[in-house]
2 protein chains.
Amino acid sequence: MSEHDDDLVFKALADATRRRLLDLLRDGPRTTGELCEPFAVTRFAIMKHLHALVTAGLVLVQRRGRERINTLNPVPIRRIQRRWLRQFEADAADRLLDLAQHLERPATSTRKKASRA
Amino acid sequence: MSEHDDDLVFKALADATRRRLLDLLRDGPRTTGELCEPFAVTRFAIMKHLHALVTAGLVLVQRRGRERINTLNPVPIRRIQRRWLRQFEADAADRLLDLAQHLERPATSTRKKASRA
DNA sequence: CTGACATGTGACCGAACGGTAACGTATCGC
DNA sequence: GCGATACGTTACCGTTCGGTCACATGTCAG
């Protein structure tokens with residue numbers, strides 16, 4: 001919804017460990033303990049990452065007995081894709097033209113000689 | 001191309017100011033001074049953000065006299081879209097089914113009666 | 001009940017981040 | 001040349017982040 005919600009998603013995706021967690025959850029729901037196994041860090045470190053993912057809406061949680069089932073919610077990622085990243089495809093052609101015009105002459109270049117650093 | 005490069009892109013996108021900078025650059029190349037105007041922060045703060053964007057490969061720079069031309073490079077965003085985010089669309093249907101099965105009972109819900117776990 | 005196990009929480013620490021201020025460098029206009 | 005201007009850099013500061021340790025809670029098994 002708001003810019004702030006998207007910010008949480010971007011910040012959640014900014015960490016490699018969290019992205020790996022999302023990768024694991026793409027195969028299906030997992031308990032917290034299962035999610036901890038592939039990582040070298042503490043279980044609590046993983047839980048804090050999970051908390052960040054839950055806050056961003058990327059992971060949904062249910063309790064089942066003494067276990068905690070973490071499920072991927074792909075909706076926020078799709079949202080920022082549609083609202084944010086898609087636009088860069090739309091303008092990509094224009095920007096690539098800019099780049100071509102500004103950078104395509106290695107020798108004569110933009111003004112005088114841009115050859116040297 | 002490595003995971004590390006993608007990490008730089010994700011980290012660059014994690015900041016709202018940097019995303020706004022990319023938005024501005026979607027309209028075309030801009031000098032550093034032009035990019036600073038819409039923001040309330042110091043010019044140098046913007047320059048540090050620009051440096052992060054350059055490091056991630058999202059912005060390309062050319063010098064023109066005493067000016068610095070910043071140009072959007074949409075390639076890295078497209079890369080992480082294709083390598084990373086697209087996969088979440090592929091598994092979205094499966095995960096949504098998981099969610100439906102686990103969460104579909106509305107009010108009485110989580111208690112023991114909905115045993116279908 | 002009791003113990004084992006899985007999950008949650010509070011306090012703390014070093015590193016990285018976002019920010020400012022002040023100073024330095026290079027280029028254009030006159 | 002010389003001042004104004006645009007860009008770049010060094011040093012520093014408070015906050016956030018990723019991480020650990022120790023401890024608390026809740027739940028299943030016997």
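**Protein surface around DNA strand D**

A polar side-chain atom of A:His49 sits 2.3 Å from a phosphate oxygen of DNA strand D. The model is predicted: local features need pLDDT of at least 70, side-chain atom pairs count only at pLDDT 80 or more, and totals for chains, interfaces and linings use all residues, while side-chain values use heavy atoms, with hydrogens and water left out. Residues are numbered from 1 along each chain as its sequence is written, and chains are lettered from A and ligands numbered from 1 in the order in which they are written.

**Phosphate contacts**
- A:Arg18 places a polar side-chain atom 3.1 Å from a phosphate oxygen of DNA strand D.
- From chain B, an N or O atom in the side chain of B:Arg68 is 3.3 Å from a phosphate oxygen of DNA strand D.
- The elements giving two or more residues to the surface near DNA strand D are helix 4 (43-55) of chain A and, in chain B, helix 3 (32-36), helix 4 (43-55) and strand 3 (67-72).
- Helices (H or I, at least four residues) and strands (E, at least two) are DSSP runs, numbered from the N terminus.

**The surface near the strand**
- DNA strand D is surrounded by 20 residues, and the closest are A:Thr42, A:Lys48, A:His49, A:Gly65 and B:Phe44.
- Of the DNA strand D atoms that come within 4 Å of the protein, 51% belong to sugar and phosphate.
- A residue is near a strand if one of its heavy atoms lies within 4 Å of it.
- Helix 4 of chain A gives the largest share of this surface, 4 residues.
- By type, the surface has 5 nonpolar, 6 polar and 9 charged residues.
- Ala, Val, Leu, Ile, Met, Phe, Trp, Tyr, Cys and Pro count as nonpolar; Asp, Glu, Lys and Arg count as charged; the others, Gly among them, count as polar.

**B:Arg68**
- B:Arg68 is in strand 3 of chain B.
- Its relative accessibility is 25%, so B:Arg68 counts as partly exposed (buried is under 20% relative accessible area, exposed over 50%, partly exposed in between; 1.4 Å probe, protein chains only).
- The side chains of B:Arg68 and B:Asn70 make a polar contact at 2.9 Å (a pair of N or O atoms within 3.5 Å; within protein, one must be able to donate a hydrogen and the other to accept it, and residues adjacent in sequence count only if both atoms are side-chain atoms).
- B:Arg30 is 38 residues away along the chain, with 8.1 Å between the C-alpha atoms.

**B:Val41**
- B:Val41 lies in the loop between helix 3 and helix 4 of chain B.
- B:Val41 is partly exposed, with a relative accessible area of 47%.
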